[in-house]
Amino acid sequence: MITEELMNDWGGETLMVNRHESSGAFIIVAIHSTKSGPAAGGVRMKKYDGLDQAVEDVLKLSSAMTYKFATANMNWGGGKSVISIPHNLGPYQRTELLHDFGEILKTFDGSYYVGPDVGTSSEDMDVIFQTGAPYVFSRTKASGGAGSSANPTAYGVFCAIQTTCKRLFGTKNLNDRTVLVQGAGNVGGLLMNSLRDAGAHVLFSETSPKLVEKHIDIGYRYIPDEAVFSTKCDVFSPCAMGGVLNKHSIPLLSCKGVVGAANNQLAHRSDAELLEENNILYAPDYIVSLGGAIGITAIEGEGMTFEQSRDLIKSSIQETLELIYEMSDKDSLPVLDAADKIVEQRVKRRPLMIDTHD
Ligand code: PHE
């Protein structure tokens with residue numbers, strides 16, 4: 001239920017819930033912060049167990065976006081959308097829904113920019129853009145956008161794994177390290193390739209039989225679902241859905257570090273403490289996964305070149321993680337608290353624009 005407590009705990013600015021009559025979907029937009037600049041963040045499309053769950057998800061996801069942009073010191077704020085669908089939609093209904101989403105996006109008048117997320121793609125961004133809403137990131141290259149955000153996301157996770165390994169093992173060289181990637185989808189698949197190229201042993205788990213077959217054929221070792229948490233590895237990298245780190249899975253983990261692309265990996269904040277108690281270094285998910293949003297926004301929203309966007313992803317992730325790990329050691333702070341402390345200081349305040357015209 002949307003309560004005062006829920007909204008105050010979230011600490012954001014605007015929550016909009018639209019009932020989409022013809023499809024039975026709910027379109028929910030959460031603007032967490034426009035303090036540093038316009039909000040940006042993807043639109044997630046999936047089935048939820050009710051509206052409450054969808055609202056909770058969008059609130060958490062929107063604040064993570066504020067933290068991602070602050071980590072990279074960018075003049076952008078955080079927002080997110082969720083389209084909670086009652087069942088899988090046919091192509092006609094889906095297009096209509098995305099067009100209506102575009103109309104809603106226009107009403108935000110540039111204070112919120114959307115991009116792809118779980119359940120949506122660059123092709124969907126093209127469809128939203130057809131409505132004339134200019135506030136759409138990550139359209140296909142064919143229609144003038146920067147394309148999918150999977151590539152910069154995977155690059156960022158790779159950088160984060162390097163820095164975390166340096167902390168754990170004294171070297172960022174990944175040769176002979178064992179990394180278990182959970183989810184061999186767009187991001188996970190690209191990440192597995194870069195890990196292999198860097199000399200790591202790559203294990204993976206995946207629920208889609210087609211993707212399992214594809215990656216076994218490439219030569220990666222498949223770990224069945226029931227063994228995904230307990231399999232021994234140096235780094236466990238959750239790149240599928242959120243909530244995988246919880247009181248049931250954490251005691252099973254047999255890794256030294258967790259560094260993955262999935263948003264909202266911790267079921268509860270207290271699960272970060274449980275990881276520490278189990279001697280597992282947790283790289284905060286909003287930092288590890290910032291590559292997609294930061295890379296695309298840098299190119300499309302700031303006019304950076306591809307190389308500049310890569311440098312920004314790498315330096316934001318590696319330098320910030322190093323600072324966090326150092327602070328956590330020095331001040332005996334849990335990693336997540338150190339991260340929030342450092343990143344919250346970076347949420348810039350835009351200077352007030354005072355209209356001096358008569
Ligand atoms: N899915 C991205 C994320 O969670 C959102 C995004 C992609 C935002 C591309 C802008 C551009 O970070």
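Trainee: At what angle do helix α5 and helix α11 pack?

Mentor: This is a predicted model, in which local features need pLDDT of at least 70 and side-chain atom pairs count only at pLDDT 80 or more, while totals for chains, interfaces and linings use all residues. Residues are numbered from 1 along each chain as its sequence is written, and side-chain values use heavy atoms, with hydrogens and water left out. Helices (H or I, at least four residues) and strands (E, at least two) are DSSP runs numbered from the N terminus, and axes are lines fitted to C-alpha atoms, for helices over the stretch in contact, with angles running from 0 to 180 degrees between N-to-C directions. Helix α5 covers residues 150–169 and helix α11 residues 306–330, their axes lie 9 Å apart, and the packing angle is about 30°.

Trainee: Is the crossing of α5 and α11 left-handed or right-handed?

Mentor: A crossing is left-handed if the near helix is turned anticlockwise from the far one by less than a right angle, and right-handed if clockwise. The residues that make the contact (heavy atoms within 4.5 Å) include Y155, C159 and R167 of α5 and I313, L321 and Y325 of α11. The crossing of these two helices is right-handed.

Trainee: Which residue in β5 stands opposite G41?

Mentor: Strand β3, residues 39–46, runs parallel to β5, and five bridges join the two. The residue in β5 that stands opposite G41 is V114.

Trainee: Which residue of β9 is the bridge partner of V181?

Mentor: Both faces of strand β9 (residues 235–238) are covered, with V235 and S237 on one side and F236 and P238 on the other all buried, where buried means under 20% relative accessible area, exposed over 50% and partly exposed in between (1.4 Å probe, protein chains only). Two bridges join β9 to strand β10 (residues 257–258), which runs parallel to β9, and there F236 has V258 as its partner. Strand β6 (residues 178–182) also runs parallel to β9 and is joined to β9 by four bridges. The β9 partner of V181 is S237.

Trainee: How far apart are the C-alpha atoms of G145 and E300?

Mentor: G145 sits in the loop between α4 (122–129) and α5, and this glycine is buried, with a relative accessible area of 14%. Leaving aside neighbours within four places in sequence, G145 is in contact with R139, T140 and E300. Although G145 and E300 are 155 residues apart along the chain, their C-alpha atoms are separated by 7.4 Å.

Trainee: Is N279 buried or exposed?

Mentor: N279 is found in the loop between α8 and β11 (281–282), and N279 has a positive phi of about 65° although it is not a glycine. Most residues other than glycine have a negative phi. At 66% relative accessibility, N279 counts as exposed.

Trainee: Which residues does D340 touch, not counting residues up to four places away in sequence?

Mentor: D340 has its place in helix α12, residues 335–344, and D340 is buried, with a relative accessible area of 11%. Setting aside residues up to four places away in sequence, D340 touches Y67, R269 and Y286.

Definitions and conventions
Two strands pair if DSSP finds at least two bridges between them.
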